[in-house]
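Student: I would like to go through this model with you, one topic at a time. Shall we begin with the rings?

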Amino acid sequence: MNCRVITNLDMPELFPYSQISERQLLHYYEPERGLFVAESPNVIKRALGAGYEPVSFLMEKTQLTGVMAEVLAGYPDIPVYTSDKDVLETITGYSMTRGVLCLMRRKRLSESAELCRPMHRIAVLEDVVNPTNVGAIFRSAAALGVEAVLLTKGCSDPLYRRSARVSMGTVFQVPWAWLEGDDWTEQLHSCGFTTVAMALREDARSLDDPVLKEISRLAVVLGTEGDGLKPSTIAQCDYTVRIPMLNGVDSLNVAAASAVAFWQLCRKPAS
């Protein structure tokens with residue numbers, strides 16, 4: 001194990017953990033792939049299992065003989081920086097890391113059309129800016145049969161620490177890609193997808209409409225927190241759909257709505 005005990009975070013090698021923002025890490029090697037920081041043993045293990053390349057590990061000394069020991073054995077040449085908890089607690093958000101951080105290289109993403117060519121059930125996120133919501137949507141996607149997630153450029157990055165943590169690492173399992181241009185509904189149609197806009201409209205179909213279950217290739221389109229989908233997006237989609245609700249409740253948080261929609265429209269039938 002390539003282990004080094006540290007007493008502070010002043011080494012340049014450690015700046016990505018403590019002094020460089022996630023947005024800066026995203027563009028760290030631009031135009032080449034950037035970096036991101038994964039946190040907690042389970043999230044790190046899922047990222048490594050999905051083929052992401054570690055650059056370094058940063059962890060409490062107590063973790064060296066814990067659940068991470070087997071993981072580190074598989075990467076003997078990767079630097080492992082370790083220290084006492086009070087040193088690492090100077091990192092913003094450290095309380096959520098469960099004692100382990102890992103700096104990783106991003107993968108080169110597929111083009112959205114290429115990614116979705118073999119898919120039958122996908123989700124599309126339009127300007128979902130809260131990383132907690134993005135992570136929760138990925139977790140629901142993984143659990144309920146969504147094969148890929150496409151995101152507009154206004155969305156929060158799925159590999160930001162909070163998104164990956166809330167997703168329980170499923171952002172490394174569910175394929176995803178960025179949508180390019182403003183004509184992405186047309187791009188989906190050209191790939192053979194029927195688009196379903198989740199929106200609060202009086203003329204919307206109910207989510208349990210049997211017609212929707214019969215669609216061969218379906219894209220569930222979800223909008224930003226608060227305002228929802230853009231009117232132009234709704235107009236360009238094939239169907240507008242709403243979740244039937246009781247007790248005067250008119251809407252759900254986008255992450256909660258995604259879980260309901262995925263359960264109804266995307267889940268795989270029991271064998």
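Tutor: Rings of Phe, Tyr and Trp (its six-membered ring) pair if their centres lie within 6.5 Å; planes under 30 degrees apart count as stacked, over 60 as edge-to-face and the rest as tilted. This is a predicted model, where local features need pLDDT of at least 70, side-chain atom pairs count only at pLDDT 80 or more, and totals for chains, interfaces and linings use all residues. Residues are numbered from 1 along each chain as its sequence is written, and side-chain values use heavy atoms, without hydrogens and water.

Student: What kind of pair do the rings of Tyr52 and Phe172 form?

Tutor: Their centres are 5.2 Å apart. Their planes stand at 70°, so the pair is edge-to-face.

Student: Are Tyr52 and Phe172 buried or exposed?

Tutor: Buried means under 20% relative accessible area, exposed over 50%, partly exposed in between (1.4 Å probe, protein chains only). Tyr52 and Phe172 are both buried.

Student: Which residue joins Tyr52 and Phe172 in a cluster?

Tutor: The cluster is linked by ring pairs. Beside Tyr52 and Phe172, its member is Phe36.

Student: Which residue lies over the face of Tyr52?

Tutor: A charge sits over a ring if NZ of Lys or CZ of Arg is within 6 Å of the ring centre and within 35 degrees of the ring normal. Here the distance from the ring centre is 4.8 Å. The residue is Lys107.

Student: What is the volume of the largest pocket?

Tutor: On a 1 Å grid over the protein atoms alone, a cavity is a set of points where a 1.4 Å probe fits but cannot get out, and a pocket is an open set with protein on both sides within 12 Å along at least five of seven lines; lining residues have an atom within 4 Å of a point. Grid points are joined across faces, edges and corners, and a volume is the space filled by probe spheres set on the points. For the largest pocket it is about 680 Å³.

Student: Which residues are closest to the centre of the largest pocket?

Tutor: The lining has 24 residues. E8 gives the largest share, three residues. Closest to the centre are Leu26, Leu109, Lys153, Asp157 and Trp178.

Student: How many charged residues are in the lining of the largest cavity?

Tutor: Ala, Val, Leu, Ile, Met, Phe, Trp, Tyr, Cys and Pro count as nonpolar, Asp, Glu, Lys and Arg as charged, and the others, Gly among them, as polar. The largest cavity has a volume of about 60 Å³, and Trp184 and Phe193 are among its lining residues. By class, its lining has eight nonpolar and two polar residues, and the charged count is no residues.

Methods: Helix = DSSP H or I, 4+ residues; strand = E, 2+ residues; numbered from the N terminus.
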